[in-house]
Amino acid sequence: MARAAKAEINLAALKENYLLAREVSGNKAVAIIKANAYGHGAVEVARYLSDTADAFGVACIEEAVELKEAGIEQPVALLEGFFEANELELVDRYQLITAVHSAWQVEAIEQASFQQPITVWVKFDSGMHRLGFDEQGFVDAIERLKALPQVGELVMMTHFACADEVEGDYTPTQIENFKRVSAAYDLPVCMANSAGTLQWPEAHGSWVRPGIMLYGADPMDLPTENGARLKTVMTLSSALIAIRELPVGEPIGYGRRFVTDKPTRVGVVAMGYADGYPRHAIDGTPVAVNGKMSRVIGKVSMDMMTVDLTDQPDAKIGDPVELWGEQVDVNKVAACADTIAYTLYTGITRRVPLVYKK
Ligand SMILES: *Cc1c(COP(=O)(O)O)cnc(C)c1O
């Protein structure tokens, strides 16, 4: 039996999630497929969405070029802009959209010439304090870019720090800050990530930028109507490779973290942290064996992990184990590993084949 670890990707569900972003916002949506589409395979995802998506968003020029070389025709946006002025040659060649968040980038565009005018998304720092211009810098950047023949469309953008907090008051503050400076210009606006798309209608603007919601993980900190409509995309699974019966008082795995408190049937699963499963998943982290809920017992090792089969006397070697997906909520696994679904998805390693379902 070959190693059974795999991540199945339900592309039809991904497309439904994209269409949900468009439906709830009533606007155009940049499908964010940076970081290899959050571990789901950027080229495969872009190809599947190529008859649907308005544009794609990535983190850097290398990710954009990969899509263009694969023949993706939609506009591709560099969400952090270019890191060095010499990337502008590729921005021009592939007609990429570039964000601009610092004055040196405006200067670089002023000094460049392009075959066709480029589209620039100008980023305002409305309160996240990571990238973006302050109020005066933003006005200066827009005025300078507007004056350039090498710049075509301008879009005003910002990014939220806390849009996942359903009851938080910081997103309205950021929206207000953004509206105050953007009101001076009659230009398209783009504010919302997934959480902003799902929960903050005032942030919908002309474009939204859904990322994690495309992959079906609900980013909100409380249940919401739109969040409940997301479809699971990735199912990470493997199989039992050994089963043993232990009496009470026996340790399992490295460091003896778990010690049996009753006679225990233990299943060994071919999945470990070298596949991207979180090493610090606590005892009790949910898994599903043969479609029935069970739990992690003992530390996750590099290539294997151990689960409780005491309630499953019929489970046998080769039986399927789901680590997250249709039955096991990725957000619950993330919570048990003190992290978020984003890191679980992007942490899947190349040892795990991605298997596409259309
Ligand atoms: C990654 C990213 C997004 C998508 O965020 P999600 O929380 O995954 O929806 C949107 N905008 C920018 C600028 C980003 O970097």
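How many nonpolar, polar and charged residues does the lining of the largest pocket have? The legends below take up this pocket and its ligand in a predicted model.

**View 1. The lining of the largest pocket, by class.** The lining has 20 nonpolar residues. Polar residues number 7, and charged residues also number 7.

**View 2. The space inside the largest pocket.** The largest pocket holds about 770 Å³ of space. Its lining is made up of 34 residues. Closest to the centre of the pocket are Lys34, Tyr38, His159, Asn193 and Tyr342.

**View 3. The ligand and its shell.** The ligand takes up the space of the largest pocket. Residues around the ligand include Ile32, Lys34, Tyr38, Leu79, His159 and Asn193. Ser194, Arg209, Pro210, Gly211, Ile212 and Tyr342 also belong to these surroundings. By class, the shell splits into 6 nonpolar, 4 polar and 2 charged residues.

View 4. Lysine 34 places a polar side-chain atom 2.7 Å from an oxygen atom of the ligand. Serine 194 also faces a ligand oxygen atom, with a polar side-chain atom at 2.5 Å. The ligand on its own exposes 390 Å². The protein buries 93% of that area.

How values were computed:
Residues numbered from 1 in each chain as written. Predicted model: local features only at pLDDT ≥ 70, side-chain atom pairs only at ≥ 80, totals over all residues. Heavy atoms only, no water. Near = heavy atom within 4 Å. Polar contact = N/O pair within 3.5 Å; in protein donor to acceptor, adjacent residues only side chain to side chain. Areas by Shrake-Rupley, 256 points an atom, 1.4 Å probe, with all protein chains shown as cover. 1 Å grid on protein atoms, 1.4 Å probe; cavity = no way out; pocket = protein on both sides within 12 Å on 5 of 7 lines; lining within 4 Å. Sits in = over half its atoms within 2 Å of the grid points. Nonpolar A, V, L, I, M, F, W, Y, C, P; charged D, E, K, R; others polar. Points joined across faces, edges and corners; volume = space filled by probe spheres on them.
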